[in-house]
Protein chains: 2
Amino acid sequence: MPAEHAILGLLAESDPGAHGYDLARHFAPEEPLGAIVRLEPGMLYHHLKKLDKAGWVSATVEQQGVRPPRQVYQLTPEGRIELDRWLADPVGRTREIRLEFLVKLFFAQRLHPDLAGELVAHQRETLERNLTSLKAQQLSMAAGGDADDRDRSFSIDVLALRMAQTEAALAWLDNLLAGESGRKAECS
Amino acid sequence: MPAEHAILGLLAESDPGAHGYDLARHFAPEEPLGAIVRLEPGMLYHHLKKLDKAGWVSATVEQQGVRPPRQVYQLTPEGRIELDRWLADPVGRTREIRLEFLVKLFFAQRLHPDLAGELVAHQRETLERNLTSLKAQQLSMAAGGDADDRDRSFSIDVLALRMAQTEAALAWLDNLLAGESGRKAECS
DNA sequence: AGAGCCATGTAAGAGGTTACATGATTAG
DNA sequence: CTAATCATGTAACCTCTTACATGGCTCT
């Protein structure tokens, strides 16, 4: 799922459009995007066909003599709408921060630099809600006595891990916001 | 992969063996194990067949009159060896802590309570190494100047997230160790 | 009488990985 | 001469998800 939106994002940045091989380069492991999402050529071409069928990209064939003809893809207006909707939508679970949110952030900074801060803020709120719910579960876990001691102590450890990971992500988001406004202030 | 080892772990705990439906109960979402790994019945039976073919479990059929016959599975000696090997082996990546390591911890505490602390210590070392490598990448990133500014600043943010998540996991592991030795001291 | 438990599975399909095929061109 | 680049894909193969089929039994 994040891979397809990453493709939409790349097409939004490449003005006359791009063909599969062009896009594949951005998913090489040394590129910033490839360091987050891995995408083999086979899957890339598969996704492009799916996006075409969904009406989010459109292809125009470009003949090239001896090589296979290039399919040059462009973002359609519907595709752009879908991309913007996706970019504004924070991820629901903490574990999705590492992949999907990073991809959103990557493209938000490029396509809507002024709205990237809003994405971060919304993501912060979502994680804050998750943290609250984890705290509630922790309380009910300490009280509720239908499980045996080993089970309860283990469940408490699990909750503690989830809370620690969520808190770490929240702190990172705060640093992001501080860093960005900091850089803005430097320039003014 | 963690699901199959969880099955081995459950069979190690159930003495005369267990059939699929028995095992499935442990993967219900309200059970401590089901809160970590989700496993639908279809996949469970599939895994049991795979484990049988691998020689890690063996099945004996138990007729039941009108209902479909029970396949009662038992852990084989090879299965036990594989389980113990897996239990002693820390996970390589921080993101595997949330799933695979928690399953290891769950069974380590039940099957080898005295070795659980060792697993945690080994996991700590592994994550510590990961953290060192992330720090090195961070340094080379700040120095290396072949990328444009946006790319570099983004890559730095990505590294900062990974470090924050790894540090959170390390702190949680430390609390685990402190908690366990604390509980041991209480009992003595 | 109807819901849900027991106990096994199959079937269909989505999604992903890995490896390969093509065949000229260009760089070391 | 060898290897990589260009540019597309296909094929085989896993894994996982979702949903369903069976059919008697027990609880309310």
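Author: Let us begin with Asp151(B), which is found in helix 7 (residues 149-187) of chain B, where helices (H or I, at least four residues) and strands (E, at least two) are DSSP runs, numbered from the N terminus. The model is a predicted one, in which local features need pLDDT of at least 70 and side-chain atom pairs count only at pLDDT 80 or more, while totals for chains, interfaces and linings use all residues. Residues are numbered from 1 along each chain as its sequence is written, chains are lettered from A and ligands numbered from 1 in the order in which they are written, and side-chain values use heavy atoms, with hydrogens and water left out.

Asp151(B) has a relative accessible area of 14% and is therefore buried (buried means under 20% relative accessible area, exposed over 50%, and partly exposed in between, with a 1.4 Å probe and protein chains only). Setting aside neighbours within four places in sequence, Asp151(B) is in contact with Pro32(A) and Arg110(A), contact meaning heavy atoms within 4.5 Å.

We can now turn to the largest nonpolar core, which has 48 residues, and in which Ile7(B), Phe27(B), Phe101(B), Phe107(B) and Trp172(B) touch the most other members; such a core is a set of buried Ala, Val, Leu, Ile, Met, Phe, Trp, Tyr and Cys residues joined through side-chain atoms within 4.5 Å. Among the elements that each supply at least two residues of this core are helix 7 (149-187) of chain A and, in chain B, helix 1, strand 2 (70-75) and helix 7. Helix 5 of chain B gives the largest share, nine residues.

That helix also has helix 1 of chain B beside it, for their axes come within 10 Å and cross at roughly 10° (axes are lines fitted to C-alpha atoms, for helices over the stretch in contact, and angles run from 0 to 180 degrees between N-to-C directions). Helix 1 of chain B is therefore roughly parallel to helix 5 of chain B, since angles under 35 degrees count as roughly parallel, over 145 as roughly antiparallel, 65 to 115 as roughly perpendicular and the rest as oblique. Residues including Ala6(B) and Leu10(B) in helix 1 of chain B meet residues including Val103(B) and Phe107(B) in helix 5 of chain B.

Helix 1 (residues 2-13) of chain B also packs with helix 4 (residues 77-88) of chain B, at an angle of about 120° and with their axes 10 Å apart, which means that helix 1 of chain B is oblique to helix 4 of chain B.
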